Amino acid sequence: MSAKDSIAGALRRFGRPMLLKRPAIGADPAAEVTVYGSTDGAMIQRLVGSVVQLGSHVIFSNVDIAAASWPGPPMSGDTMVIDGTTRTIDAAEPKYLGTEILVHVCQVSGG
């Protein structure tokens, strides 16, 4: 079993389902796919003065999005629905083993 399949299997067993969504952009239609991942505890992010929002990091396997022919890696502006709450991806970073993407680590806000 490859490293990417081992990680995907572990996230399916121990993670939880999340819905990754991309809005329609120009001629590209909207897309959504269920991924299995893990999220750390929410962190309070101070915006301006006393205005705060919740933020966290989400990790999920590239196997799920590759199997669904997802249009490229996750990016800022995509959203994730986790436990019924919509969160916005602020930043996404793929993690590689050689040239192969294993997982995506996303910083999300909202919730």
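Colleague: What makes you call Ser-69 exposed?

Modeller: Its relative accessible area is 61%, and exposed means over 50%, buried under 20%, and partly exposed in between (1.4 Å probe, protein chains only). So Ser-69 counts as exposed. Bear in mind that this is a predicted model, where local features need pLDDT of at least 70, side-chain atom pairs count only at pLDDT 80 or more, and totals for chains, interfaces and linings use all residues. Residues are numbered from 1 along each chain as its sequence is written, and side-chain values use heavy atoms, with hydrogens and water left out.

Colleague: Where does Ser-69 lie, and what is its phi?

Modeller: Ser-69 is in the loop between α2 (62-67) and β5 (79-82). Its phi is positive, about 55 degrees, although Ser-69 is not a glycine. Helices (H or I, at least four residues) and strands (E, at least two) are DSSP runs, numbered from the N terminus.

Colleague: Why is Asp-83 called exposed?

Modeller: Asp-83 has 56% relative accessibility, so it counts as exposed, the cut-off being over 50%. Asp-83 sits in the loop between β5 and β6 (85-97), and it too is a non-glycine residue with a positive phi, near 55 degrees.

Colleague: And Ser-56, buried or exposed?

Modeller: Ser-56 comes out at 3% relative accessibility, so it counts as buried. This serine is part of strand β4 (residues 51-61).

Colleague: What makes the Ser-56 and Thr-39 pair a polar contact?

Modeller: The two side chains are joined at 3.5 Å. The term covers a pair of N or O atoms within 3.5 Å; within protein, one must be able to donate a hydrogen and the other to accept it, and residues adjacent in sequence count only if both atoms are side-chain atoms. So the Ser-56 and Thr-39 pair qualifies as a polar contact.

Colleague: Which residues touch the most other members of the largest nonpolar core?

Modeller: Leu-20, Val-35, Val-58, Phe-60, Ile-65 and Met-80, out of 14 residues in that core. β2 (31-39) is among the strands that each supply at least two of its residues, and β2 gives the most, with three. A nonpolar core is a set of buried Ala, Val, Leu, Ile, Met, Phe, Trp, Tyr and Cys residues joined through side-chain atoms within 4.5 Å.

Colleague: What does Phe-60 touch?

Modeller: Leaving out residues up to four places away in sequence, its partners include Leu-11, Leu-20, Val-35, Pro-74 and Cys-106. Contact means heavy atoms within 4.5 Å.
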